[in-house]
Amino acid sequence: MGNLASNPAFLETAMVVLDFEATTPAGHPPQPIEVAALALRYEAGCWREAGRSSSLIRPPAFAPVTAATTALNGLTPEQLATAPPPAQVLSALDQRFTTGTRYLLVAHHAATEANLIYHQREHCPTLARINLIDTIPLAKHLVPGLDNYRLDTLLAHFAIPRPVDRHRAAADVEVTAQVFMRLIDAADHEGVVDDLAGLVTIAGRTAKANQPTQQHLFEL
């Protein structure tokens, strides 16, 4: 790798690839039913895994697992009936983010993860304040001309095998991490990105909990 690999801010940042599976109940925001995270650090010329976690999540009664959800990811109501609730799972995940470490979350179509985290922010206040890198705008910048930028399309482009359990959180985190690492390698070798600030400019997304509110505009 080139300049990016020697950028202090980049080297000091843990990249945490994150994926949720969720239900989409009418009249409510999406509710998580599975989460997986994979932390990566770039050290001594290569990527190193710094931790991982995954858990099923029992959805609230107003957000049952539907047949369409089961058809997509294979998760059934029976599997989730004994899973821990969102508060327990997300609180445990939140505690893995240690004070004094710089983090960025990485997700494919990061708005989805950002929205889920924001609506669960009371259970994961630290996680809710971590900004994100979206692999879609990063891929559009580095690999122009693809028909679309769905995850499966990028897997095919980079010759990354599609996992048999695609649309399960742990599997999707694994392949999203592979896509992200390929994109970072391309960005660095082509001289497109010199530092962490440049990466954030191309693909950064501000966590919803960090976005300014407009409440004062409505105060009389």
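A residue is called buried when its relative accessible area is under 20%, exposed when over 50%, and partly exposed in between (1.4 Å probe, protein chains only). By that criterion T135, I136, P137, L138, A139 and L142 of helix α6 are buried. The structure is a predicted model, in which local features need pLDDT of at least 70 and side-chain atom pairs count only at pLDDT 80 or more, while totals for chains, interfaces and linings use all residues. Residues are numbered from 1 along each chain as its sequence is written, and side-chain values use heavy atoms, with hydrogens and water left out. Helices (H or I, at least four residues) and strands (E, at least two) are DSSP runs numbered from the N terminus.

**The sheet**

- Six strands form an open sheet in the order β3-β2-β1-β4-β5-β6, with mixed pairing; two strands pair if DSSP finds at least two bridges between them.
- β3 (46–56) and β6 (204–205) stand at the edges and have a single partner strand each, so one side of each is left without a neighbour in the sheet.
- Strand β2 (residues 31–43) runs antiparallel to β3 and is joined to β3 by 10 bridges, and V35 has S55 of β3 as its bridge partner.
- Helix α8 (residues 169–189) lies across β1 (13–23), β2, β3, β4 (102–107) and β5 (132–134), and runs at about 35° to β2; axes are lines fitted to C-alpha atoms, for helices over the stretch in contact, and angles run from 0 to 180 degrees between N-to-C directions.

**Helix α6 and its surroundings**

- Helix α6 (residues 135–142) packs against helix α9 (residues 196–203) at an angle of about 100°, with the two axes 8 Å apart.
- That angle makes α6 roughly perpendicular to α9, a class that covers 65 to 115 degrees, whereas angles under 35 degrees count as roughly parallel, over 145 as roughly antiparallel and the rest as oblique.
- P137, L138 and H141 of α6 make the contact with L199, I202 and A203 of α9, where contact means heavy atoms within 4.5 Å.
- The residues of this contact comprise five nonpolar, one polar and no charged, with Ala, Val, Leu, Ile, Met, Phe, Trp, Tyr, Cys and Pro counted as nonpolar, Asp, Glu, Lys and Arg as charged, and the others, Gly among them, as polar.
- α6 is mostly covered, as six of its eight residues are buried, and what covers these buried residues includes β4, β5, α7 (151–157), α8, α9 and β6.

**Salt bridges**

- The whole structure contains eight salt bridges, each being a side-chain nitrogen of Lys or Arg within 4 Å of a carboxyl oxygen of Asp or Glu.
- R102 forms a salt bridge with E12, with the closest N and O atoms 3.5 Å apart; R102 lies in strand β4 and E12 in the loop between α1 (8–11) and β1, so the pair ties together parts that are 90 residues apart in sequence.
- R52 is partly exposed at 42% relative accessible area, E49 is partly exposed at 41%, and E174 is partly exposed at 30%.
- A network of salt bridges links D152, R162, R166 and D172.
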